[in-house]
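The points are numbered and can be read in order.

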Amino acid sequence: MKFNGLTDKEVEESKKKYGSNEIPDSEPTTFWDEFKETFNDPMIRILLAIAVLMIVMFFLGYAEIYEPLGTIVAILIVAIVSAKTGVASDTKYRELKDSTKKDECKVYRNGVVTVIEVDDVVVGDKILLQSGNKIPADGVLISGHLFVDNSALNGEAEECKKTETDPSFQLPEDITGDTFVDEHSLFRGAVVLDGEGVLDVRKVGLKTMMGRMAEEMQEDEPESPLQVKLSKLAGQISTFGYIGATAIAILYLAHAIVLTGGFSAFFGQGFEVVFKQIVEAVSLAVVIIVCAVPEGLPLMISLVLMQNTSKMLDHNVLVRKAEGIETAGSLNILFSDKTGTITKGMLEVVDFFTADGQSIEISELSKHSKVKGLVDLAIGKNTQSMFDAEHRVIGGNATDQAMMKFLGEASYQMLVENKDYVITDSQGFNSTNKFSQARIDSVGKTFYKGAPERLLAKATKYLDASGEIRDLDKVVLDKKIDALAKKAMRVLAFGYSEQAMTQNAINDDVVIIGLVGIRDDVRAEAKDAIKEVQDAGIQVVMITGDRLETAVAIAKDAGLIKADTDIAISSAQLNEMSDDEIKKIVRNIRVIARALPTDKSRMVRICQEMNLVVGMTGDGVNDSPALKRADVGFAMGSGTEAAKEAGKIVILDDNFRSIKDAIWYGRTIYHNILKFCKFQLVINVAAVVVSAIAPFFGVDEPLKVTHLLFVNLVMDGLGAMMLGNEPALEKYMDEPPRRRDESIISKKMMAQIVTMGLWLTIVSFIFLKVPFFKDTFFDGDQEKLLTGYFVLFIVSALFNGFNVRDNGFGIFKGLNLNPGFMKVFAIIVLVQAVLVNAALVPALDWLGKMFSCTPFGITGWVCVIILAFTMIPVDLIRKVVIGSK
């Protein structure tokens, strides 16, 4: 059929009416955008508010400048680290995409065939499609016939036959999983495997199925579970800090009023005195808020995520977005693509059997020399595939290629080089005959390869495993074929005839050499990895474009369907159900078949509405919207760029074990964040209580503003390094998953924080108010005592670092796996020694004054270290009394 195609004028009119075929890319990530994004963090906003308040206090002459400046510096470090990490990942992917040549296609325009970029295709174009072409737009086949691979759209590596139809045929408006595999519809992104035809373009750009997926990818991503938890923690800390600060300020003023003899006497002191008292009360309130807010937490999280992002590369996990790795540890449910993820993504022979139904192990087939020799000829001399110079299988359809891999390159090359095996006549496979045949006169045989029903219609004999000819029992063989069909296997038969080849017919004397079961088989390592993920309490759901029967068979082999209560459901059934109905059964769903991209996104949304943390794995364009919408998307390294761009994590080796490792390290990171929270919040609780109560006991500033700066920023930054690299423990994978809205601070954590915070407070007041310590160890000098208290506070926190390493009694275990812990411990003690003794060195005298430190003797050091060490036995006692688990 001759096609003239559109004229240049018609092209412009079509573009104006229906739009361009270009699918807009997402905007590139800029440093400034990522930098600004940091300030959406609730913890960062609280810190900024405190910094502004402290700056105002400084200009009024009632605060030091060090604290707000230090806080601002910490915020900037967090923002810069986060922005650089985000931009680097995005830039790497865009450079890769820009280096790739734009797709082109052949189109009839102005009466001739011309080559244009895919972006320039318009509605009404007639596209010439040939083997190997990628379909550039949605439409219908109006000439020729094709075999296409829709795996980029529906995830299934199956050949789909397309035949021509009348141009009046309408492309369905409502696309279902079955539309992809109908007789005439073609969709952008699919690949032509064989044949030639003409596509009449009906939809372009964002109106194509692929375009609709791209639009879904532009939607805002959900907050990560960590962001949700931090928001909740920030709210709790803010409430605690603000209420506490207000109460303390009021009490401080009330105390001042009582001391002066009542309201009249207090206000009778004059405006200046009263204003000073109010400012001092506000100053105390600000100190309380500064103590309450964990300034080091955002910095710690940024450092820990960054450290583990690089560490995960050793496990074939590329973390594109740092929060993705922690989110992986929080998963409740994981939706997995089937093809290329649970399965290998290509057809292969998984069972060889003789016509008596007896299987022969593929690795043992070479021992059955007669059967093997004839099968080699039936494949190697009766195929459209071959091995190229780079040892790859090329040519033919997916079944031909699977047969060639089964044959093996060594056997294929031997057949090629053997001059006795010359094909004298042949006929290729076609859909009418359902078999191919080749005649080799030198061996006196015609070889057949094709559908079992075609060969069995003529065969009465078969070869057994020993190569002996036996009478065929079709009942036995049919039972075997039916059993394989239930396992989603296609069966192919091989036979030979002693007679000359007959076109379009199988000779009556055909002998069945053997049969094979082929399918896209389950990865061996996927079975083990799925079990480990399930054992970690994570529900795994296979979501696929395949038929329900095939999907169920694969799911059973992969260990997804085990119980009678496990549900396998099709897209059509799913679409008949409301969201509320799905929510009732979602925890039992194991398979969703014939799934559309919209089904995947819908399931992710429903699970998120149930407060579940949702993961999605995939490799095709069809997976991209759901990868984007999920809390964490695992894109396969061999997958499409669209999938990689949508995912937070790329699994470089396409291995489920790497997903398990990502989950394991995600849980480890979360545990390390919890350890740091306990470490820092004990310090904060003690600092709040001591700073709030001490003025009522005659100690105005037990901890100076610069001390708080050291505690909240310097020490917490180094504390992040101490606890951020704690080793991954196998026991983390035995814990149940966490809910999205679960609080970071559990009751047991709170018990430890409050207990140790109160103990440090008690030790603080004993140290500050019992004369024995001041007189015996600090020469009766109040300045030395306060300096000693600064050391006591810091070293107590360091010893508490051991307590938080383990919820049980193994607080010293695994230190060799985290050498940074003791290094940081030693560095902080050394820095403290420098600060305390700075006044002894004239050049560092200013440092001593900044931190209000007065040198004291060795006995004072021994005293504070012993008192600080009590943090360990007290917490061990708490664990015995309350329970360690």
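**Notes on the predicted model**

1. Among contacts in the chain between residues at least 6 apart in sequence, 72% join residues at least 24 apart; contact means heavy atoms within 4.5 Å. This is a predicted model, in which local features need pLDDT of at least 70, side-chain atom pairs count only at pLDDT 80 or more, and totals for chains, interfaces and linings use all residues. Residues are numbered from 1 along each chain as its sequence is written, and side-chain values use heavy atoms, with hydrogens and water left out.

2. The chain has 33 helices and 26 strands. Helices (H or I, at least four residues) and strands (E, at least two) are DSSP runs, numbered from the N terminus. Of its 885 residues, 55% count as buried. Buried means under 20% relative accessible area, exposed over 50%, and partly exposed in between, with a 1.4 Å probe and protein chains only. The chain exposes about 37,200 Å², and carbon and sulfur atoms supply 58% of that area. Accessible areas come from the Shrake-Rupley method with a 1.4 Å probe; for residues, only the protein chains shown count as cover.

3. Helix α27 (residues 747–769) and α29 have axes that come within 11 Å and cross at roughly 155°. Axes are lines fitted to C-alpha atoms, for helices over the stretch in contact, and angles run from 0 to 180 degrees between N-to-C directions. The angle makes α27 roughly antiparallel to α29. Angles under 35 degrees count as roughly parallel, over 145 as roughly antiparallel, 65 to 115 as roughly perpendicular and the rest as oblique. The crossing of α27 and α29 is right-handed; a crossing is right-handed if the near helix is turned clockwise from the far one by less than a right angle, and left-handed if anticlockwise.

4. On the α27 side, the contact with α29 is made by Gln752, Met756, Leu760, Val763, Ser764, Phe767 and Leu768. The α29 side supplies Leu785, Leu786, Gly788, Tyr789, Leu792, Phe793, Ser796, Asn800 and Asn803. By class, the residues of this contact divide into 10 nonpolar, 6 polar and no charged. Here Ala, Val, Leu, Ile, Met, Phe, Trp, Tyr, Cys and Pro count as nonpolar, Asp, Glu, Lys and Arg as charged, and the others, Gly among them, as polar.

5. Helix α29 (residues 782–803) also packs with helix α30 (residues 820–837), at an angle of about 180° and with the axes 11 Å apart. The two helices are therefore roughly antiparallel to each other. From α29, the residues in this contact include Thr787, Phe790, Val791, Ile794 and Val795, and from α30 they include Phe821, Met822, Phe825 and Ile828. The contact of α29 with α30 has 14 nonpolar, 3 polar and no charged residues.

6. Which residues have a positive phi without being glycine? Histidine 391 has a phi of about 65°, and alanine 488 has one near 65°. Histidine 391 is in the loop between β12 (386–387) and β13 (393–394), and it counts as exposed at 55% relative accessibility. Alanine 488 is in the loop between α17 (474–486) and β19 (490–497), and it is buried, with a relative accessible area of 15%.

7. In helix α19 (residues 548–558), the buried residues include Thr550, Val552, Ile554 and Ala558. Glycine 559 follows α19 and has a positive phi, near 85°.

8. Proline 136 lies in the loop between β3 (126–130) and β4 (138–149) and is buried, with a relative accessible area of 1%. Not counting residues up to four places away in sequence, proline 136 touches Asn21, Cys105, Val118, Val121, Ile127, Leu129, Arg188 and Leu199. Its C-alpha atom is 9.5 Å from that of valine 191, 55 residues away along the chain.

9. Serine 497 lies in strand β19 and is buried, with a relative accessible area of 0%. Leaving aside neighbours within four places in sequence, serine 497 is in contact with residues including Arg439, Lys445, Thr446, Asn507 and Asp509. Serine 497 and alanine 459 are 38 residues apart in sequence and 9.8 Å apart in space, C-alpha to C-alpha.
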